[in-house]
Amino acid sequence: MKRLQNNKMALLVLILAPFWLAAQPTKVACIGDSVTEGYKLENPKEESYPAQLQGLLGEDYQVENFGVSGSTLLSKGHRPYIQTTAYQNALAYQPDVVIIHLGLNDTDPRNWPNYRDEFLNDYRQLIQDFRESGSPNVQIWICRMTPIFHPHPRFKSGTHEWFWHIQAQIEQLAETMEMGLIDLHQALYPHPDLFPDALHPNAKGAAILAETVYQHLTGDFGGLTLAPVLMNQMVFQQKREISVWGKANRHEKVMARLAGQVREAVVDDAGNWKLIFDPVPAGGPYRLTVHAESGDPIVLDDILVGELWLCAGQSNMEFKLQDSKNGNATLQQADHDRIRLFNMAGIARPNSSEWDLETLEKVNDLDYFEGNWETCSAATAAGFSAIAYYFGKQLQEALDVPVGLIQLSVGGAPVESFIDRFTLESDPYLVDVLYNWKKNEFLMDWCRMRGAKNLALATNNLQRHPYEPAYIYEAGLQQLTGLPLAGTIWYQGESNAHNVEHYQRAFPALVQSWRTNFQQPDMPFFFAQLSSLSRPSWPHFREAQRQLADEILYAGMVVTSDLGDSLDVHPVRKQEVGERFARLALNKNYGEEIVCSGPKPIGFKQKGDWLTLQFEPGSRLMTADGEPVREFEFAGANGIFHSTQVTLKGNTVLIRVNEIEVRQVRYAWEPYSRGNLINEVGLPASTFQLNL
């Protein structure tokens with residue numbers, strides 16, 4: 001009888017086993033340090049990323065938090081994870097899924113400098129431990145580390161550099177072991193405001209971590225979407241491969257059609273897809289159709305192919321066509337179907353006002369810029385950059401192809417806000433601009449005061465602002481970096497003119513930052529020299545810009561000092577500036593044999609009472625007003641400058657020096673310059689100072 005009962009029980013177990021097994025939730029073990037544990041959160045049991053992940057996954061999953069503050073991946077580190085109770089509990093848990101996020105504490109000087117060579121082997125062993133103790137088909141994911149931001153006390157003394165060493169080894173491990181890799185860094189790197197102590201995310205940051213892990217575990221990335229910059233009426237760059245990219249659910253097939261070409265791709269583990277089309281002939285309109293295995297197709301119409309330029313800077317690039325000299329008359333003839341405009345306008349101007357809480361939240365969410373591609377018309381061009389409009393119009397007429405203009409400008413913005421965070425962090429000089437920007441004297445006091453005014457109602461001590469270093473890059477420029485460009489025109493510097501020496505470091509870093517992130521190492525970068533204004537530092541700043549134009553490869557400068565206003569930082573004569581930019585581009589980019597810059601000095605020599613100042617061959621010197629040339633000065637060994645008689649002769653300037661042994665010569669060295677030296681096409685000479 002007893003044997004019969006046992007057999008019945010065994011049979012019942014066999015019958016019910018499939019149902020019992022089906023009812024068991026998938027066990028997820030979150031392995032990590034204090035970020036996983038939820039250190040510094042008010043309620044870690046509800047706010048840590050594993051707790052929030054549980055809410056996203058639902059009752060079919062059981063998520064356990066095995067994070068330990070201060071733990072290291074290195075087995076010889078100051079607190080090895082493998083020596084913790086949590087590690088033993090995680091093994092005993094026999095998880096179906098393991099998420100490993102370790103490495104942050106290995107940046108400690110007690111760890112990485114001494115034991116870096118053991119990191120990969122220690123990580124492999126940890127993975128093997130879970131393979132042996134977990135369920136038979138255990139799925140293991142390793143993670144790129146969450147960010148460590150500059151206020152961290154050891155950031156500059158080694159942590160930053162060692163962090164990236166470790167990050168690279170994690171990526172190497174994922175590749176060589178063919179492991180699943182979850183990127184916990186990318187989504188949080190533009191959000192220092194979510195890291196109160198520069199290391200541990202707050203509850204909102206933990207929610208981003210949970211969402212990122214959820215997407216990788218389920219493959220649900222929200223279905224098919226295109227990159228935000230891809231829109232109706234846009235322009236792609238001619239003579240270059242055309243990239244189309246976006247998100248979709250994992251491993252779905254994405255297909256797209258453009259100009260008779262069909263391309264397919266399979267979505268990767270991170271939900272990313274990218275399709276590359278062969279160059280398409282200039283013109284259009286073209287239609288782009290994209291569809292995935294599930295969901296509705298996406299169709300973009302009225303796409304053109306031609307020349308695509310980025311037009312960026314601060315308020316003088318932002319200055320509207322309708323407000324410029326002769327702007328209203330120009331608007332009467334501003335309908336150009338083959339010119340397309342994309343004005344990335346800020347949701348709030350950084351004027352002397354307090355921003356409301358809704359605006360502040362959008363700024364923190366990097367939702368500061370808005371706008372769409374539009375056909376150029378009187379209505380759309382009126383509020384667009386005057387300089388960019390005149391530039392694009394002249395290009396379109398000269399080249400007879402469509403032209404796309406992207407405007408990314410913020411009034412008053414310093415150059416640092418346009419540079420990506422990694423570039424700033426990695427430069428031993430520029431890294432200091434990141435610290436406490438509202439009180440950082442690298443930034444102009446006007447910028448700091450204006451930013452503080454806008455943020456007066458903020459409740460987050462780390463509230464973001466467009467003037468904050470890296471912000472404009474993160475909120476605006478970053479979304480453009482997948483688009484090949486013909487080049488950039490740039491008008492900025494007014495908010496950096498207080499510190500010339502700093503700008504001489506920051507501006508080349510900006511150019512390199514953009515070229516690196518657009519993956520165009522020779523991308524043309526043309527910039528406007530500051531105009532004339534009664535501000536004492538401006539002659540030195542204009543001279544620094546002149547030198548930078550000579551030092552930076554594939555760069556060029558347009559002179560604007562003849563168009564200034566002694567009392568207004570926003571001179572209204574923008575047509576000349578835009579057309580001078582177009583001359584530069586037509587000559588440098590497109591090979592047209594036109595004069596594209598004013599007279600450029602190349603040296604001087606003295607003989608008795610006369611100094612001969614030589615300019616580039618081919619220049620025919622004259623004055624803009626027919627009057628004698630003005631604002632040439634020279635100095636001897638005592639450094640005292642003298643004005644004197646000047647004569648123009650061919651491509652030389654003869655200066656009477658009264659037998660003083662000349663050490664320096666300068667021109668237009670006044671904040672508001674009335675210098676009148678031009679060449680035969682009316683382009684002005686730059687402010688300059690030459691030293692013997």
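Predicted model: local features only at pLDDT ≥ 70, side-chain atom pairs only at ≥ 80, totals over all residues.
Residues are numbered from 1 along each chain as its sequence is written, and side-chain values use heavy atoms, with hydrogens and water left out.

Q: Are α4 and α9 roughly parallel, roughly perpendicular or oblique to each other?
A: Helix α4 (residues 49-57) packs on helix α9 (residues 203-218) at an angle of about 50°, with the axes 8 Å apart; the axes are lines fitted to C-alpha atoms over the stretch in contact, and angles run from 0 to 180 degrees between N-to-C directions. Angles under 35 degrees count as roughly parallel, over 145 as roughly antiparallel, 65 to 115 as roughly perpendicular and the rest as oblique. The pair α4 and α9 is therefore oblique.

Q: How many residues of the contact of α4 with α9 are nonpolar?
A: Residues in contact (heavy atoms within 4.5 Å) include Leu53 and Leu56 in α4 and Ala206, Ala210 and Val213 in α9. Ala, Val, Leu, Ile, Met, Phe, Trp, Tyr, Cys and Pro count as nonpolar, Asp, Glu, Lys and Arg as charged, and the others, Gly among them, as polar. With 2 polar and 1 charged, the nonpolar residues of this contact of α4 with α9 number 12.

Q: Which residue forms a salt bridge with Lys76?
A: A salt bridge here is a side-chain nitrogen of Lys or Arg within 4 Å of a carboxyl oxygen of Asp or Glu. For Lys76 the closest N and O atoms of the pair are 3.4 Å apart, and the partner sits 42 residues away, in the loop between α6 (112-115) and α7 (119-133). Lys76 is partly exposed at 47% relative accessibility, the class between buried (under 20%) and exposed (over 50%), with a 1.4 Å probe and protein chains only. The partner of Lys76 is Glu118.

Q: Is Arg421 buried or exposed?
A: Arg421, in helix α15 (residues 421-426), pairs with Glu474 in helix α17 (residues 471-475), so the pair ties together parts 53 residues apart in sequence. Their side chains meet in a salt bridge at 2.7 Å, N to O. The relative accessible area of Arg421 is 2%, so Arg421 is buried.

Q: In which helix do Glu543 and Arg546 both lie?
A: The side chains of Glu543 and Arg546 meet in a salt bridge of 2.8 Å, N to O. Glu543 counts as buried at 6% relative accessibility, and Arg546 is buried at 13%. Standing 3 residues apart, about one turn of the helix, both lie in α19 (residues 538-551).

Key. Helix = DSSP H or I, 4+ residues; strand = E, 2+ residues; numbered from the N terminus.
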